[in-house]
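Subject: Structure handover, pockets

Hi,

Here is the structure for you to look over. My notes on its pockets follow.

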Amino acid sequence: MSSPEIASLSWGHMKVKGCSSTYKDCKVWPGGSRAWDWRETGTDHYPGVQPADLDEVLKKGIDLLVIGRGMSEALQKGVDVKVLQTEKAVAEYNKLAGQGAKVGGVFHSTC
């Protein structure tokens with residue numbers, strides 16, 4: 001099953017190919033899409049995208065996740081994300097922490 005393409009995007013409107021609905025915000029996955037209702041998880045410009053916002057899509061059997069932070073990057077504005085293998089992630093974290101950066105980390109030390 002393939003993932004539907006985003007057919008059009010403009011301020012406040014998104015259209016997913018093969019779907020009759022128009023979304024303001026949406027979630028897409030192989031074989032489907034739906035509105036992304038921020039009220040479900042307490043998402044707002046701060047604190048930004050919540051892990052619970054991603055859970056539904058992650059459970060759809062995807063291999064890659066793409067997150068849109070907004071047209072003006074207002075969701076988690078100023079927060080960059082790096083996803084790396086754990087040893088590389090720890091090295092990057094330690095490098096940044098050693099430089100005095102306000103950095104956070106989430107690390108998995110097995111598999």
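Residue classes first: Ala, Val, Leu, Ile, Met, Phe, Trp, Tyr, Cys and Pro count as nonpolar, Asp, Glu, Lys and Arg as charged, and the others, Gly among them, as polar. The model is predicted: local features need pLDDT of at least 70, side-chain atom pairs count only at pLDDT 80 or more, and totals for chains, interfaces and linings use all residues. Numbering starts from 1 along each chain as its sequence is written, and side-chain values use heavy atoms, without hydrogens and water.

Largest pocket
The space here is about 1,200 Å³. (A pocket is an open set of points on a 1 Å grid over the protein atoms alone, where a 1.4 Å probe fits, with protein on both sides within 12 Å along at least five of seven lines; lining residues have an atom within 4 Å of a point. Volume is the space filled by probe spheres set on the points, which are joined across faces, edges and corners.) It has 30 lining residues, and Asp80, Val81, Lys82, Val83 and Gly104 are the closest to its centre. By class, 17 are nonpolar, eight polar and five charged. Helices H1 (51-58) and H2 (86-98) each supply at least two lining residues. H2 gives the largest share, five. (Helices, H or I of at least four residues, and strands, E of at least two, are DSSP runs numbered from the N terminus.)

Second largest pocket
This one holds about 1,000 Å³. Of its 35 lining residues, Met14, Cys26, Trp36, Ile67 and Gly68 lie closest to the centre. Strands S1 (6-10), S2 (13-16) and S4 (26-29), plus H1, each give two or more. S4 has the largest share, with four. The classes are 22 nonpolar, eight polar and five charged.

Best wishes
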